[in-house]
Amino acid sequence: MLHETIRSRRLRTSDSLRRMVRETRISPESLIWPIFVAEGEDIYREIPSLPGQYHYSPDQLHRMVERARAHGVSRVMLFGLPKEKDEIGSGAWAEDGIVQQGIRKIKALAPEMYVITDVCMCEYTSHGHCGILCGQYVDNDQTIARLAQIAVSHAKAGADMVAPSDMMDGRVAAIREALDKAGFVNVPIMSYAAKYASTFYGPFRDAAGSAPAFGDRRSYQMDPHNGREAMRECALDAQEGADILMIKPALAYLDLVYQCRQRFDLPVAAYAVSGEYAMVKAAAKAGLIDEYGVMCESAVSIFRAGADILITYYACELADAIRKGDIG
Ligand code: PBG
(Lines give C-alpha, C1' and ligand atoms only; values in the text may rest on other atoms or scores of the structure.)
Protein backbone atom coordinates (compact mmCIF):
# COMPACT_ATOMS: atom_id res chain seq x y z
CA MET A 1 0.00 0.00 0.00
CA LEU A 2 1.20 3.48 -0.81
CA HIS A 3 1.60 5.72 2.21
CA GLU A 4 2.44 8.79 0.25
CA THR A 5 0.29 10.20 -2.50
CA ILE A 6 1.94 10.04 -5.91
CA ARG A 7 1.36 13.53 -7.19
CA SER A 8 0.89 13.29 -10.98
CA ARG A 9 -0.57 16.78 -10.82
CA ARG A 10 2.88 18.14 -9.93
CA LEU A 11 3.80 18.14 -13.64
CA ARG A 12 0.64 20.07 -14.48
CA THR A 13 1.19 23.03 -12.21
CA SER A 14 2.22 25.64 -14.76
CA ASP A 15 1.81 26.34 -18.42
CA SER A 16 5.55 26.37 -18.91
CA LEU A 17 5.94 22.97 -17.29
CA ARG A 18 3.00 21.46 -19.13
CA ARG A 19 4.50 22.55 -22.41
CA MET A 20 7.87 21.11 -21.44
CA VAL A 21 6.50 17.65 -20.74
CA ARG A 22 4.24 17.39 -23.77
CA GLU A 23 4.64 14.00 -25.40
CA THR A 24 3.21 14.93 -28.76
CA ARG A 25 4.89 17.59 -30.85
CA ILE A 26 3.25 18.93 -33.97
CA SER A 27 4.64 21.17 -36.65
CA PRO A 28 2.85 23.04 -39.46
CA GLU A 29 5.25 21.17 -41.73
CA SER A 30 3.31 17.96 -41.06
CA LEU A 31 0.08 19.34 -42.48
CA ILE A 32 -1.30 18.84 -45.98
CA TRP A 33 -4.22 20.91 -47.26
CA PRO A 34 -6.61 19.29 -49.80
CA ILE A 35 -7.55 21.61 -52.66
CA PHE A 36 -10.29 21.33 -55.30
CA VAL A 37 -9.37 22.63 -58.74
CA ALA A 38 -12.30 23.13 -61.10
CA GLU A 39 -12.06 23.36 -64.87
CA GLY A 40 -13.22 26.71 -66.21
CA GLU A 41 -12.55 30.36 -65.50
CA ASP A 42 -13.38 32.77 -62.75
CA ILE A 43 -14.48 30.06 -60.39
CA TYR A 44 -13.94 30.88 -56.74
CA ARG A 45 -16.87 29.25 -55.04
CA GLU A 46 -17.36 28.15 -51.47
CA ILE A 47 -18.24 24.45 -51.30
CA PRO A 48 -21.62 24.08 -49.57
CA SER A 49 -20.77 20.73 -48.01
CA LEU A 50 -17.36 21.98 -46.80
CA PRO A 51 -17.80 25.50 -45.41
CA GLY A 52 -14.58 27.49 -45.64
CA GLN A 53 -13.23 25.38 -48.53
CA TYR A 54 -13.42 26.47 -52.17
CA HIS A 55 -13.49 25.37 -55.76
CA TYR A 56 -10.78 27.26 -57.63
CA SER A 57 -10.40 27.45 -61.38
CA PRO A 58 -6.72 27.64 -62.36
CA ASP A 59 -6.92 31.43 -62.87
CA GLN A 60 -8.13 31.80 -59.27
CA LEU A 61 -5.51 29.60 -57.63
CA HIS A 62 -3.59 32.67 -56.48
CA ARG A 63 -6.30 33.00 -53.80
CA MET A 64 -5.41 29.57 -52.46
CA VAL A 65 -1.71 30.38 -52.59
CA GLU A 66 -2.26 33.65 -50.71
CA ARG A 67 -4.27 31.93 -48.00
CA ALA A 68 -1.77 29.09 -47.67
CA ARG A 69 1.13 31.52 -47.42
CA ALA A 70 -0.66 33.67 -44.87
CA HIS A 71 -0.90 30.63 -42.61
CA GLY A 72 2.46 29.11 -43.43
CA VAL A 73 1.03 26.05 -45.13
CA SER A 74 3.14 24.85 -48.03
CA ARG A 75 1.90 21.36 -48.80
CA VAL A 76 -1.27 20.80 -50.77
CA MET A 77 -3.04 17.82 -52.25
CA LEU A 78 -4.97 18.40 -55.46
CA PHE A 79 -8.31 17.02 -56.55
CA GLY A 80 -9.77 17.84 -59.94
CA LEU A 81 -13.26 18.65 -61.17
CA PRO A 82 -13.29 18.21 -64.96
CA LYS A 83 -15.97 19.76 -67.18
CA GLU A 84 -16.53 16.54 -69.08
CA LYS A 85 -16.60 12.96 -67.87
CA ASP A 86 -16.61 9.74 -69.84
CA GLU A 87 -16.88 6.01 -69.32
CA ILE A 88 -13.13 5.49 -68.90
CA GLY A 89 -12.25 8.74 -67.14
CA SER A 90 -9.89 9.89 -69.87
CA GLY A 91 -9.77 13.43 -68.43
CA ALA A 92 -7.69 12.05 -65.58
CA TRP A 93 -4.58 11.52 -67.71
CA ALA A 94 -5.09 14.28 -70.29
CA GLU A 95 -2.06 16.49 -70.71
CA ASP A 96 -4.23 19.56 -70.22
CA GLY A 97 -6.50 17.87 -67.68
CA ILE A 98 -7.66 19.96 -64.77
CA VAL A 99 -5.21 18.61 -62.19
CA GLN A 100 -2.35 18.94 -64.68
CA GLN A 101 -3.36 22.58 -65.29
CA GLY A 102 -3.63 23.16 -61.56
CA ILE A 103 -0.17 21.76 -60.85
CA ARG A 104 1.45 23.95 -63.50
CA LYS A 105 -0.37 27.02 -62.24
CA ILE A 106 0.57 26.48 -58.59
CA LYS A 107 4.19 25.77 -59.48
CA ALA A 108 4.29 28.99 -61.52
CA LEU A 109 2.72 31.03 -58.73
CA ALA A 110 4.50 29.42 -55.81
CA PRO A 111 7.53 27.29 -56.57
CA GLU A 112 7.96 26.61 -52.85
CA MET A 113 4.61 24.83 -52.67
CA TYR A 114 4.92 21.04 -52.41
CA VAL A 115 2.23 19.63 -54.67
CA ILE A 116 0.78 16.18 -54.10
CA THR A 117 -1.92 14.80 -56.38
CA ASP A 118 -4.74 12.40 -55.67
CA VAL A 119 -4.53 9.67 -58.28
CA CYS A 120 -8.01 8.27 -58.93
CA MET A 121 -10.67 8.12 -61.59
CA CYS A 122 -13.93 8.71 -59.75
CA GLU A 123 -14.07 12.45 -60.52
CA TYR A 124 -13.56 11.68 -64.23
CA THR A 125 -15.78 8.69 -64.93
CA SER A 126 -19.40 9.18 -65.95
CA HIS A 127 -20.40 6.37 -63.56
CA GLY A 128 -18.40 7.77 -60.64
CA HIS A 129 -16.52 4.56 -59.86
CA CYS A 130 -12.78 4.59 -59.21
CA GLY A 131 -11.81 2.60 -62.31
CA ILE A 132 -12.68 0.94 -65.58
CA LEU A 133 -15.92 -1.00 -65.47
CA CYS A 134 -16.46 -4.49 -66.73
CA GLY A 135 -20.23 -4.80 -66.39
CA GLN A 136 -20.95 -3.52 -62.88
CA TYR A 137 -17.55 -4.53 -61.56
CA VAL A 138 -14.44 -2.37 -61.50
CA ASP A 139 -11.81 -4.29 -63.44
CA ASN A 140 -8.61 -4.29 -61.42
CA ASP A 141 -5.92 -4.79 -64.01
CA GLN A 142 -7.29 -2.45 -66.67
CA THR A 143 -7.65 0.15 -63.96
CA ILE A 144 -4.11 -0.03 -62.60
CA ALA A 145 -2.70 0.47 -66.11
CA ARG A 146 -4.71 3.71 -66.31
CA LEU A 147 -3.72 4.79 -62.80
CA ALA A 148 -0.07 4.43 -63.77
CA GLN A 149 -0.74 6.62 -66.79
CA ILE A 150 -2.45 9.24 -64.58
CA ALA A 151 0.45 9.28 -62.12
CA VAL A 152 2.97 9.80 -64.91
CA SER A 153 0.91 12.63 -66.41
CA HIS A 154 0.80 14.34 -63.00
CA ALA A 155 4.56 13.96 -62.62
CA LYS A 156 5.09 15.37 -66.11
CA ALA A 157 3.00 18.40 -65.16
CA GLY A 158 5.27 18.93 -62.15
CA ALA A 159 3.66 17.05 -59.25
CA ASP A 160 6.10 16.45 -56.40
CA MET A 161 4.32 13.35 -55.07
CA VAL A 162 1.41 11.15 -56.12
CA ALA A 163 -1.21 9.61 -53.86
CA PRO A 164 -3.31 6.78 -55.30
CA SER A 165 -6.70 6.58 -53.57
CA ASP A 166 -8.46 3.93 -55.63
CA MET A 167 -7.73 0.77 -53.58
CA MET A 168 -7.04 -1.48 -56.60
CA ASP A 169 -4.63 -4.36 -56.01
CA GLY A 170 -1.11 -3.93 -57.32
CA ARG A 171 -1.49 -0.27 -58.17
CA VAL A 172 1.48 0.91 -56.15
CA ALA A 173 3.82 -1.44 -58.03
CA ALA A 174 2.28 -0.44 -61.37
CA ILE A 175 2.64 3.27 -60.59
CA ARG A 176 6.21 2.87 -59.31
CA GLU A 177 7.23 1.01 -62.43
CA ALA A 178 5.63 3.56 -64.76
CA LEU A 179 7.11 6.53 -62.90
CA ASP A 180 10.57 4.97 -62.97
CA LYS A 181 10.32 4.17 -66.67
CA ALA A 182 9.31 7.75 -67.40
CA GLY A 183 12.33 9.02 -65.46
CA PHE A 184 10.52 10.04 -62.27
CA VAL A 185 12.48 7.85 -59.90
CA ASN A 186 12.38 10.54 -57.23
CA VAL A 187 8.64 11.14 -57.22
CA PRO A 188 7.42 9.43 -54.02
CA ILE A 189 4.16 7.52 -53.68
CA MET A 190 1.94 8.14 -50.68
CA SER A 191 -0.49 5.28 -50.88
CA TYR A 192 -3.95 5.39 -49.42
CA ALA A 193 -2.96 2.01 -47.99
CA ALA A 194 -5.91 1.37 -45.72
CA LYS A 195 -8.84 3.25 -47.15
CA TYR A 196 -12.22 2.26 -45.83
CA ALA A 197 -15.58 2.26 -47.60
CA SER A 198 -16.64 5.09 -45.34
CA THR A 199 -19.78 7.18 -44.98
CA PHE A 200 -17.50 9.99 -43.83
CA TYR A 201 -16.67 10.79 -47.49
CA GLY A 202 -20.18 12.13 -48.15
CA PRO A 203 -19.34 15.87 -48.19
CA PHE A 204 -16.31 15.22 -50.43
CA ARG A 205 -18.43 13.43 -53.00
CA ASP A 206 -20.72 16.46 -53.14
CA ALA A 207 -17.68 18.72 -53.43
CA ALA A 208 -16.00 16.64 -56.12
CA GLY A 209 -19.10 15.37 -57.90
CA SER A 210 -17.79 11.86 -57.55
CA ALA A 211 -20.59 9.83 -55.98
CA PRO A 212 -21.02 6.47 -57.75
CA ALA A 213 -24.03 6.48 -60.08
CA PHE A 214 -24.92 2.94 -58.98
CA GLY A 215 -23.85 0.67 -56.16
CA ASP A 216 -21.09 1.64 -53.75
CA ARG A 217 -17.35 1.25 -53.34
CA ARG A 218 -17.37 -1.83 -51.13
CA SER A 219 -15.85 -4.09 -53.78
CA TYR A 220 -12.63 -2.08 -53.60
CA GLN A 221 -12.54 0.02 -50.42
CA MET A 222 -12.22 -1.79 -47.09
CA ASP A 223 -14.89 -3.06 -44.71
CA PRO A 224 -14.86 -0.95 -41.52
CA HIS A 225 -15.06 -4.13 -39.44
CA ASN A 226 -11.57 -5.22 -40.44
CA GLY A 227 -8.39 -4.11 -38.74
CA ARG A 228 -5.98 -6.95 -39.47
CA GLU A 229 -6.76 -6.60 -43.14
CA ALA A 230 -5.58 -2.99 -42.95
CA MET A 231 -2.17 -4.16 -41.80
CA ARG A 232 -2.07 -6.59 -44.70
CA GLU A 233 -2.87 -3.76 -47.10
CA CYS A 234 -0.12 -1.63 -45.55
CA ALA A 235 2.38 -4.49 -45.83
CA LEU A 236 1.51 -5.05 -49.50
CA ASP A 237 1.83 -1.36 -50.35
CA ALA A 238 5.15 -1.16 -48.50
CA GLN A 239 6.41 -4.17 -50.44
CA GLU A 240 5.24 -2.67 -53.71
CA GLY A 241 7.25 0.45 -53.05
CA ALA A 242 5.01 2.93 -51.24
CA ASP A 243 7.06 5.67 -49.55
CA ILE A 244 4.36 6.80 -47.14
CA LEU A 245 1.40 4.78 -45.81
CA MET A 246 -1.90 6.50 -45.29
CA ILE A 247 -4.84 5.52 -43.10
CA LYS A 248 -8.21 7.00 -44.03
CA PRO A 249 -10.48 8.22 -42.40
CA ALA A 250 -8.57 9.36 -39.31
CA LEU A 251 -10.55 9.85 -36.10
CA ALA A 252 -12.71 6.74 -36.28
CA TYR A 253 -9.67 4.66 -37.31
CA LEU A 254 -7.03 5.72 -34.77
CA ASP A 255 -6.43 2.10 -33.79
CA LEU A 256 -5.06 1.56 -37.28
CA VAL A 257 -2.95 4.70 -37.22
CA TYR A 258 -1.45 3.36 -34.01
CA GLN A 259 -0.89 -0.15 -35.34
CA CYS A 260 0.56 1.12 -38.58
CA ARG A 261 3.03 3.26 -36.62
CA GLN A 262 4.03 0.28 -34.46
CA ARG A 263 4.49 -2.15 -37.33
CA PHE A 264 6.07 -0.15 -40.12
CA ASP A 265 9.04 2.12 -40.36
CA LEU A 266 7.63 4.23 -43.19
CA PRO A 267 6.09 7.62 -42.45
CA VAL A 268 2.41 7.29 -41.55
CA ALA A 269 -0.18 9.75 -42.82
CA ALA A 270 -3.77 10.08 -41.65
CA TYR A 271 -6.52 11.76 -43.65
CA ALA A 272 -9.10 13.62 -41.57
CA VAL A 273 -11.77 13.38 -44.23
CA SER A 274 -14.60 15.63 -45.34
CA GLY A 275 -17.18 14.17 -42.95
CA GLU A 276 -14.91 14.72 -39.97
CA TYR A 277 -14.55 18.37 -40.95
CA ALA A 278 -18.21 18.90 -41.85
CA MET A 279 -19.40 17.44 -38.54
CA VAL A 280 -17.28 19.86 -36.54
CA LYS A 281 -18.44 22.78 -38.71
CA ALA A 282 -22.10 21.82 -38.34
CA ALA A 283 -21.94 21.22 -34.61
CA ALA A 284 -20.14 24.53 -34.11
CA LYS A 285 -22.68 26.36 -36.23
CA ALA A 286 -25.44 24.88 -34.11
CA GLY A 287 -23.67 26.23 -31.04
CA LEU A 288 -23.05 22.75 -29.66
CA ILE A 289 -19.27 22.69 -29.51
CA ASP A 290 -16.29 25.02 -29.57
CA GLU A 291 -14.92 24.58 -33.09
CA TYR A 292 -11.39 25.71 -32.31
CA GLY A 293 -11.04 23.44 -29.30
CA VAL A 294 -12.44 20.39 -31.05
CA MET A 295 -10.27 21.01 -34.10
CA CYS A 296 -7.15 21.23 -31.93
CA GLU A 297 -7.94 18.23 -29.76
CA SER A 298 -8.81 16.03 -32.74
CA ALA A 299 -5.55 16.86 -34.51
CA VAL A 300 -3.52 16.22 -31.36
CA SER A 301 -5.22 12.82 -30.97
CA ILE A 302 -4.30 11.80 -34.50
CA PHE A 303 -0.64 12.68 -33.93
CA ARG A 304 -0.66 11.05 -30.48
CA ALA A 305 -1.90 7.84 -32.13
CA GLY A 306 1.22 7.89 -34.26
CA ALA A 307 0.59 9.87 -37.42
CA ASP A 308 3.57 11.77 -38.81
CA ILE A 309 1.50 13.62 -41.37
CA LEU A 310 -2.08 14.91 -41.26
CA ILE A 311 -4.12 15.67 -44.34
CA THR A 312 -6.81 18.07 -43.21
CA TYR A 313 -9.20 20.75 -44.44
CA TYR A 314 -8.22 22.63 -41.25
CA ALA A 315 -4.56 22.85 -42.30
CA CYS A 316 -4.49 26.67 -42.25
CA GLU A 317 -6.28 27.03 -38.93
CA LEU A 318 -4.20 24.27 -37.33
CA ALA A 319 -0.96 25.86 -38.51
CA ASP A 320 -2.05 29.03 -36.68
CA ALA A 321 -2.97 27.07 -33.55
CA ILE A 322 0.47 25.44 -33.54
CA ARG A 323 2.25 28.77 -33.96
CA LYS A 324 0.20 30.31 -31.18
CA GLY A 325 1.28 27.42 -28.99
CA ASP A 326 -2.27 26.19 -28.30
CA ILE A 327 -1.11 22.83 -29.59
CA GLY A 328 2.19 21.40 -30.69
C1 PBG B 1 -11.24 9.53 -54.45
C2 PBG B 1 -11.18 10.07 -53.07
C3 PBG B 1 -12.20 10.20 -52.13
C4 PBG B 1 -11.64 10.87 -51.05
C5 PBG B 1 -10.32 11.10 -51.35
N6 PBG B 1 -10.05 10.59 -52.58
C7 PBG B 1 -13.64 9.84 -52.19
C8 PBG B 1 -14.05 8.43 -52.24
O9 PBG B 1 -13.27 7.49 -52.17
O10 PBG B 1 -15.26 8.26 -52.46
C11 PBG B 1 -12.38 11.29 -49.81
C12 PBG B 1 -11.83 12.50 -49.13
C13 PBG B 1 -12.73 13.12 -48.12
O14 PBG B 1 -13.82 12.63 -47.79
O15 PBG B 1 -12.33 14.17 -47.60
N16 PBG B 1 -11.36 8.16 -54.55
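Colleague: In which loop is proline 249 found?

Modeller: This is a predicted model, and in it proline 249 is found in the loop between β10 and α8, the latter spanning 254–263. The peptide bond that joins lysine 248 and proline 249 is cis, with omega of about -10 degrees.

Colleague: How many residues surround the ligand, and which are the closest?

Modeller: The ligand is surrounded by 18 residues, of which Lys195, Arg205, Lys248, Ser274 and Tyr313 are the closest. Among the elements that supply at least two residues of the shell each are β9, residues 190–195, and α6, residues 202–208.

Colleague: How should I read β9, and which strand is joined to it by bridges?

Modeller: The general idea is that in a regular strand the side chains alternate between the two faces of the sheet. In the present case, five bridges join β9 to strand β10, residues 244–248, and the two run parallel. Serine 191 stands opposite leucine 245 in β10. As for cover, β9 is mostly covered, with six of its six residues buried.

Colleague: Turning to a helix, which residues of α11 are buried?

Modeller: A residue is called buried when its relative accessible area is under 20%. In helix α11, residues 315–324, this holds for Ala315, Cys316, Leu318, Ala319, Ala321 and Ile322. The buried residues of α11 pack against β1 (31–38), α2, α10 (291–304) and β12 (309–312). Glycine 325, which follows α11, has a positive phi near 90 degrees.

Colleague: Where is histidine 71 found, and is its side chain buried or exposed?

Modeller: Histidine 71 is found in helix α2, which covers residues 61–71. With a relative accessible area of 18%, histidine 71 counts as buried, because the cut-off for that word is under 20%. Leaving aside its neighbours within four places in sequence, histidine 71 is in contact with Cys316, Ala319, Asp320 and Arg323. With aspartate 320 there is also a polar contact, made between the two side chains at 2.7 Å.

Colleague: You mentioned a positive phi at a glycine; what is the phi of aspartate 42, a residue other than glycine?

Modeller: The phi of aspartate 42 is near 60 degrees, which is a positive value in a residue other than glycine. Aspartate 42 lies in the loop between β1 and β2, the latter being residues 44–47, and with a relative accessible area of 61% aspartate 42 is exposed.

Colleague: And where is the place of methionine 167, and is this residue buried or exposed?

Modeller: Methionine 167 has its place in the loop between β8 (161–164) and α5 (171–181). Although methionine 167 is not a glycine, its phi is positive, at about 70 degrees. At 5% relative accessibility, methionine 167 counts as buried, whereas aspartate 42 is exposed.

Methods:
Residues numbered from 1 in each chain as written. Predicted model: local features only at pLDDT ≥ 70, side-chain atom pairs only at ≥ 80, totals over all residues. Heavy atoms only, no water. Near = heavy atom within 4 Å. Helix = DSSP H or I, 4+ residues; strand = E, 2+ residues; numbered from the N terminus. Buried < 20%, exposed > 50% of the residue type's maximum accessible area, 1.4 Å probe, protein only. Polar contact = N/O pair within 3.5 Å; in protein donor to acceptor, adjacent residues only side chain to side chain. Contact = heavy atoms within 4.5 Å. Pairing = 2+ DSSP bridges.
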